[in-house]
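User: I have not worked with this molecule before, and I would like to learn how to read its features one at a time. Could you take me through them, giving the general idea before each case?

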Amino acid sequence: MSDEPKNTNETENKDIAVNDKTEKTVVASKPWDEARVVVFLIGICLLIEGLLIYYQAGSSQVLVAGTTGLGGLVMMLMAWLLPFEDDETEDDESSSDENEEELESDSEKTKQVSDIPQSKIPTEERPVVAGTSEKKEDKPVEETEKKKLNAEEAESLKESDKPQKEELTWFQRLSFGLTKTREGFIGKLKKLVFGTTKIDADLMDELEETLFEADVGVKTTEELLDNLKKKVEEEEIKDPNVIYESLRDQLRNKLAKYTEPPRFNANGLTVFIIIGVNGVGKTTTIAKLANKYKKDGKKVILAAGDTFRAAAIDQISIWGERAGVEVIRGQEGGDPGALVFDAIHAAKKREADLLIIDTAGRMHVKANLMAELNKVMKIVQKESDGGPHEIFLVLDATTGQNAVQQAKQFNEIIPITGLVVTKLDGTAKGGVLFAVEEELNAPVKFIGVGEKMDDLMPFEPEKFLEALFNDDTDKKKESDYRVVK
């Protein structure tokens, strides 16, 4: 009996020795990593450098040579003798083995529990096994779902609490679009009137200059100042505020004098002819008109009558698609009169309410193109019922007095029934409305203060004057302005 333990101990010792040998051989056979190789090479280089220093300098540099060589030798020994880092890998392997053993034991336990009938286990002590449909498993899921829903509701409430961008009303857009005119024209007018202590000839001269700068026009300016001087003399006015109020009332009366809504044919097709020079926004104005009247419930058709300018037909076709209306088009360079003839008959056949005809954007000084425009108008008069019902001249407000000259030339060839003034948001010369109405005796029927589809609206003199004289700074007293003495 005593021999058996000895034998077992001997065999165990032999196994340990064999394992130690295998471990040593494994360690020895392990390849060097890059860091170890680099350190070993640096050590060799330092050792060689130390030898070279001693060989060249002799005994005078023996300390430097010895230190360098010794450092190289130490680095070589470190690279050769330092053990490999196997501890971490062994710990990882042992921990993975332990985890595997734990998983196996847990699976055995779950198998044993699943084999027991659930009816024999008390409800309070029943374990939750994966794959079973216990009610206690559903409760935490429901709670997490409720938490998610509450979080989503809280986020939605936060988003709703954020300030939403409200759509601007037409008056707000108009007031914003007239900012440059209000600051340039009305702002100067207020500073001039309220910044003086007396009403004299110098004040009248400065008022005249301010009105000219706003492109109100010579005729309108002279009439305004004559009426103002007459009122000052008759009523012996000394309060500058009265002058300001008088000018505003006169401007309101001038705009209201020509107020007239667009005319429509009550018995059938209505025809609008749109004219103007290139670059005033004629094509976009047509699209905006089509968009407006389509929203009003009318069936609108466009006629691509500008066959003269390259790509004009494609341009109006694109705008027609954006507005969602049909476009009657022909070939580039074709006869615009024939196109208008076909468009009128096509609109009647489709039972359209409104036909808007585009025309070539010609210069008002070219007689042959102006004569072609007259030909188009005669075709409309012959083929439509009482047309054209409106002839709109599109003017660019940024051109100032040049717009007045364009209107006069066009009016000599074709009777203009209404004006569309665009780009009022890009100029301080909004006073051109007063000048052009006075020259043509024709009303402004639409104004544009932007490039979006909804930025063209019917002209309302009261709203226009209110937006033009809208005082954001609330300066209404003489004390609010610098007084010139």
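Analyst: Helices (DSSP runs of H or I, at least four residues) and strands (runs of E, at least two) are numbered from the N terminus. This is a predicted model, in which local features need pLDDT of at least 70 and side-chain atom pairs count only at pLDDT 80 or more, while totals for chains, interfaces and linings use all residues. Residues are numbered from 1 along each chain as its sequence is written, and side-chain values use heavy atoms, with hydrogens and water left out.

User: How many helices and strands are there in the protein chain?

Analyst: The protein chain contains 17 helices and eight strands. Relative accessible area sorts residues into buried (under 20%), exposed (over 50%) and partly exposed (in between), using a 1.4 Å probe and protein chains only. By that rule, buried residues account for 37% of the 485 residues in the protein chain. Contact means heavy atoms within 4.5 Å, and among the contacts between residues at least 6 apart in sequence, 75% join residues at least 24 apart.

User: Which residues of H8 are buried, and what do the buried residues pack against?

Analyst: Leu203, Met204, Leu207, Thr210 and Leu211 are the buried residues of H8. Seen down the helix axis, they fall within an arc of 120° (taken from the directions from the axis to the C-beta atoms), so these residues line one face of H8. They pack against helix H7 (179-194), helix H9 (218-235) and helix H10 (240-257), whereas Ala201 and Asp202, on the other side of H8, are exposed. After H8 comes Asp215, whose phi is positive, near 60°.

User: What about the surface, and which helix gives the most to the nonpolar patch?

Analyst: Patches are made of residues with over 30% relative accessible area and no salt bridge, like charges being joined within 9 Å and nonpolar side chains (Val, Leu, Ile, Met, Phe, Trp, Tyr) within 5 Å. Accessible areas come from the Shrake-Rupley method with a 1.4 Å probe, and for residues only the protein chains shown count as cover. The protein chain has an accessible surface of about 29500 Å², and 52% of it belongs to carbon and sulfur atoms. The nonpolar patch, whose residues together have about 1100 Å² of accessible area, includes Trp32, Val37, Trp80 and Leu82. Helix H2 (34-57) and helix H3 (62-81) each supply at least two of its residues, and H3 gives the most, with seven. Leu73 lies in H3, and its relative accessibility of 40% makes Leu73 partly exposed.

User: How many salt bridges does the structure hold, and where in the chain are Arg173 and Asp455?

Analyst: A salt bridge is a side-chain nitrogen of Lys or Arg within 4 Å of a carboxyl oxygen of Asp or Glu, and the structure holds 16 of them. In one, the side chains of Arg173 and Asp455 meet at 3.0 Å, N to O. This pair links distant parts of the chain, 282 residues apart, since Arg173 is in helix H6 (residues 170-177) and Asp455 in the loop between strand S7 (444-448) and strand S8 (456-458). Arg173 is partly exposed at 22% relative accessibility, whereas Asp455 is buried at 8%.

User: Which residues are linked in a network of salt bridges?

Analyst: Asp249, Arg252 and Glu462 are linked in such a network.
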